[in-house]
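Subject: Structure handover

Hi,

Here is the structure I said I would pass on. Please open it alongside this email.

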Amino acid sequence: MVVRNHLFADPESTPPRGAANTFNNSSSGRPAPLTSTFSDDAWYEGSGDTTPDKSYATGAAANTFGGASQASSAPAAPSFFSGFPAAGNSSFGPGPSGAAFAADGDLEDYENEPPLLEELGIRFDHIWSKTQAVVNLKKQLSEHILDDTDLAGPVCFCLLLGACLLLSGKVHFGYIYGFSMCGCLALQGIISLMHPTGLDFWRACSVLGYCLLPVVFLAALGILISMKGLFGLVLATAAIAWSTLAATRLIDAKLHLTEQYWLVAYPVMLLYCCFVLITIF
């Protein structure tokens, strides 16, 4: 019984050697019960250390059992913040690594992004320069004027032409779309046959759309006055000649037409005649 009580006793509640807790070998042969009359000072006195260890709360204090001093091997409790990265090393917060991540170009630089209209291909400076080339027939044209396939201006002019005809009581949006597509395809095919460089479809659309501006002026004037008399015929002829000359000049500035100049001007004139006919009648 003595051995069993000694083995199964709590080590932390067992007094060290020399403390007040001892086995009483009475005459009856029965050991006296363990008592807890020792104090905190007696605990540390038994281990030979009179200074309490501050790490006792974490399980690192020296435990004494039978007078022998043994260091506890229990690991310290993990900290709640141990799973988080240290300050300055987070890739999603401010710090050196976050700044380097942005400097490497992995993140988009929103401060230096171009405007939304420019990303969509709508550049007002190009629209204005090509509109000036159509309005002013004496302006010197650069060979780079058709480097970009700008379609914002042509779409606006086609819609404006349809709106002017609508105000005159004519719903011709389908005719405008059909004449535009057929005319651009025909012009591309003709120029590809006559010139080694050729002209792609989108540039043909850009040229013919911008040069539709004189026809738009004619349609806007048709809202106020009738175009079925002699005055309307003169204005219609002037609009056709103006649009044809402007379109041929733009194509010549890009492809440097020599012998094919009038061969290109003739199908362009036929196309604008169709637009003028739906404008007058």
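Predicted model: local features only at pLDDT ≥ 70, side-chain atom pairs only at ≥ 80, totals over all residues.

**Helix α8**

Start with α8, residues 201-210. Nine of its ten residues are buried, so the helix is largely enclosed by the rest of the structure. Buried here means under 20% relative accessible area. The buried residues are F201, R203, A204, C205, S206, V207, L208, G209 and Y210.

What do they pack against? The partners are α5 (124-135), α6 (152-167), α7 (173-194), α9 (213-224), α10 (230-255) and α11 (261-280).

The N-terminal end of α8 is capped by D200. A side-chain oxygen of D200 sits 3.3 Å from the backbone nitrogen of W202.

**The largest pocket**

The largest pocket has a volume of about 360 Å³. Its lining is made up of 19 residues. Nearest the centre are P154, V155, C158, S180 and M181. Helix α8 comes up again here: α6, α7, α8 and α11 are the elements that each give two or more residues to the lining. The most come from α7, with seven residues.

How does the lining divide by residue type? It has 17 nonpolar residues, two polar and no charged.

**A loop residue**

Last, look at H256. This residue lies in the loop between α10 and α11. H256 has a positive phi of about 55 degrees, although it is not a glycine. Both α10 and α11 are also among the helices that the buried residues of α8 pack against.

Best wishes

Notes:
Residues numbered from 1 in each chain as written. Heavy atoms only, no water. Buried < 20%, exposed > 50% of the residue type's maximum accessible area, 1.4 Å probe, protein only. Helix = DSSP H or I, 4+ residues; strand = E, 2+ residues; numbered from the N terminus. Contact = heavy atoms within 4.5 Å. Polar contact = N/O pair within 3.5 Å; in protein donor to acceptor, adjacent residues only side chain to side chain. 1 Å grid on protein atoms, 1.4 Å probe; cavity = no way out; pocket = protein on both sides within 12 Å on 5 of 7 lines; lining within 4 Å. Points joined across faces, edges and corners; volume = space filled by probe spheres on them. Nonpolar A, V, L, I, M, F, W, Y, C, P; charged D, E, K, R; others polar.
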